[in-house]
Amino acid sequence: MSFMQALRRRWQQADTLVCVGLDPEPARFPASFAADADAVFAFNRDIVDATAEFACAFKPQIAHFAALGAEDALTRLIAHIHARHPEVPVILDSKRGDIGSTAQHYVSEAFDRYRADAVTVNPYMGRDSAQPFLDRAERGVVVLCRTSNPGAGDLQDLDVGGRPLYQRVAEKVANEWNGHGNCALVVGATWPEQLREVRAIVGELPLLVPGVGAQGGDAQAVVSNAKSADGTGLMINSSRAILYASSGDDYAEAAAAAARALRDDINRYR
Ligand SMILES: O=C(O)c1cc(=O)[nH]c(=O)n1[C@@H]1O[C@H](COP(=O)(O)O)[C@@H](O)[C@H]1O
């Protein structure tokens, strides 16, 4: 099953638009992990098992693993998700983009080494840098459009022929890069107005929306501005607010409660 099929099925069957972000920071793990040599895997596994029923996708962020030399933990974590929660697709957040010959290696990294179902991609280098990802029709390609950070507008709002660059990115991806129907866009929850504009441009294209929780984005504003016509179309990501909901022994229950609360909050406005 392709990433897009799995995502749509998950939206319908589990009735959730929550993407659970997996951004390990060992300093924030509960004290019980201090002596665990495999803490990065074990903590994330527990979070995954506790939150899977509320998740339309999991999104491990690669730098959080690579900086710790924990690539092996990432490999095993994604394998664990596929084995135990095969209905929940995995988006590897690596924001790649390079000349085509190098991009091929990033494609292998995401899809063959880590076995992710989708990957985040930076469009700055243009179509040929994204093409090796786009060619893997069964995998998702989630392209940065209007990111959640305070400086997003520095480049993404630059005027390009009377329209901001991020709107051009949205148009290009929806109309030119999506030949295999495997594209999605990243638009931050911190920008409700831009979410509305992007939704108007891209029709039913799925949007990955990070920025609720720790970055302060508002779920109601996201849903009312950016849901698709059938009340889906969104992967609303929260990482730290779920992962570190409690630093006590109840970390897994607290993560599940946070994911459930976000799901319910989102569903109230769909
Ligand atoms: O591509 C992303 O996932 C992403 C894009 C963006 O515009 N903003 C953004 O925060 N992210 C990622 O989404 C996650 C947000 O984490 P929290 O702020 O803890 O929920 C991090 O892994 C970021 O790297």
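Helices (H or I, at least four residues) and strands (E, at least two) are themselves DSSP runs, numbered from the N terminus. With that in hand, let us walk through this structure.

A word on the source comes first. This is a predicted model, in which local features need pLDDT of at least 70, side-chain atom pairs count only at pLDDT 80 or more, and totals for chains, interfaces and linings use all residues. Residues are numbered from 1 along each chain as its sequence is written.

**Overall fold**

The protein chain holds 12 helices and 10 strands. Its radius of gyration, 18 Å, is close to the 18 Å that the globule rule gives for 270 residues, so the chain is as compact as a globular protein of that length. Here the radius is taken over C-alpha atoms, and the rule is 2.2 Å times the number of residues to the power 0.38. The C-alpha trace spans about 55 × 45 × 35 Å along its principal axes.

Burial is counted with C-beta atoms placed from the backbone: a residue is buried if 20 or more others lie within 10 Å of its own, exposed if 12 or fewer, and partly exposed in between. Of the 270 residues in the protein chain, 49% are buried.

**Strand E1 and its partners**

From E1 the chain crosses through helix H2 (residues 39–51) to E2, in a right-handed β-α-β crossover. Right-handed means that, with the strands pointing away from the viewer, the path from the first strand over the helix to the second runs clockwise.

**Around the ligand**

The ligand is surrounded by 20 residues, the closest being Thr147, Ser148, Pro210, Ser239 and Arg240. A residue is near a molecule if its C-beta atom, placed from the backbone, lies within 6 Å of it. Strand E3 (91–96), strand E10 (234–238) and helix H11 (240–243) each supply at least two residues of this shell.

**Helix H6 and its neighbours**

In helix H6 (residues 127–134), the buried residues are Ser129, Ala130, Pro132, Phe133 and Leu134. They pack against helix H5 (100–113), strand E4 (118–121), strand E5 (140–146) and helix H8 (165–177). Met125 sits in the loop between E4 and H6. Leaving aside residues up to four places away in sequence, Met125 touches Gly97 and Asp98.

**Partly exposed residues**

| Residue | C-beta atoms within 10 Å |
|---|---|
| Met125 | 15 neighbours |
| Lys95 | 18 others |
| Arg115 | 14 neighbours |

Lys95, which lies in strand E3, has a positive phi of about 45° although it is not a glycine. Arg115, in the loop between H5 and E4, has a positive phi near 65° and is also a residue other than glycine.

Definitions and conventions
Two residues are in contact if their C-beta atoms, placed from the backbone, lie within 7 Å.
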